[in-house]
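Subject: Structure for you to look at

Hello,

Here is the structure I said I would pass on.

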Amino acid sequence: MSASAYHPHDHQGCINTALQQATKLCAEQGVRLTPVRKRVLELVWQSHKPMGAYDLLPALAADGFNSAPPTVYRALDFLLDLGLVHRLASLNAFMGCSHPGHDCPSAFLICQDCGKAQEMTIAPWFSALKDAASTEGFIVDHQLTEVVGTCPRCAPADSEGL
């Protein structure tokens, strides 16, 4: 998904694309995108803001789904296992994956003011990190980087270009 969380765009298009990719990936993997899994994915994509599991409960209840925490965690685990969402450890929250089905290293740019986050592919940086780790005898299994700062919409006008 090429739309930036920090710039105006067709947000419903982000959600629709995520659902299409999830449907395709589930069919390829021979697993079911159940109604509750689909709804959790929609909710995770609804605002470009990381969502905690407990943030999802009221919307699931309003939609008539079982809103017990284990239901949400099972759906999130399913989505994580398929690579449809990422878990942002520092926030204990989840974000939709912009490149599901591809094992590519990512960084999340998290705005400390508005709370939105944007996934960014960082393959060249990750290669350098992996090489550096290798010199220490460390084998990198996976990586997700969280970068906290201020997005273009929240940054003061006089800070541009600094």
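Cys114 has a relative accessibility of 23%, so this residue counts as partly exposed. Please keep in mind that the model is predicted. The cysteine sulfur closest to that of Cys114 belongs to Cys111, at 3.7 Å, which is too far for a bond. The cut-off used here is 2.5 Å between the two sulfur atoms.

Cys154 also counts as partly exposed, because its relative accessibility is 28%. For the sulfur of Cys154, the closest cysteine sulfur is in Cys151. The distance is 3.6 Å, so this pair is too far apart for a bond as well. The number of disulfides in the structure is zero.

Now the helices. H3 covers residues 53–62 and H4 covers residues 69–81. Their axes come within 9 Å and cross at roughly 110°. The two helices are therefore roughly perpendicular to each other, since angles of 65 to 115 degrees are put in that class. The crossing of H3 and H4 is right-handed.

Which residues make the contact between them? On the H3 side they are Ala53, Tyr54, Leu56, Leu57 and Leu60. H4 contributes Pro69, Val72, Tyr73 and Leu76. Sorted by class, the contact of H3 with H4 holds nine nonpolar residues, with no polar and no charged ones. Tyr is counted as nonpolar in this scheme, so Tyr54 of H3 and Tyr73 of H4 fall in that group.

Regards

Key: Residues numbered from 1 in each chain as written. Predicted model: local features only at pLDDT ≥ 70, side-chain atom pairs only at ≥ 80, totals over all residues. Heavy atoms only, no water. Axes fitted to C-alpha atoms, helices over the stretch in contact; angles between N-to-C directions. Helix = DSSP H or I, 4+ residues; strand = E, 2+ residues; numbered from the N terminus. Parallel < 35°, antiparallel > 145°, perpendicular 65-115°, else oblique. Left-handed = near helix turned anticlockwise from the far one by under 90°. Contact = heavy atoms within 4.5 Å. Buried < 20%, exposed > 50% of the residue type's maximum accessible area, 1.4 Å probe, protein only.
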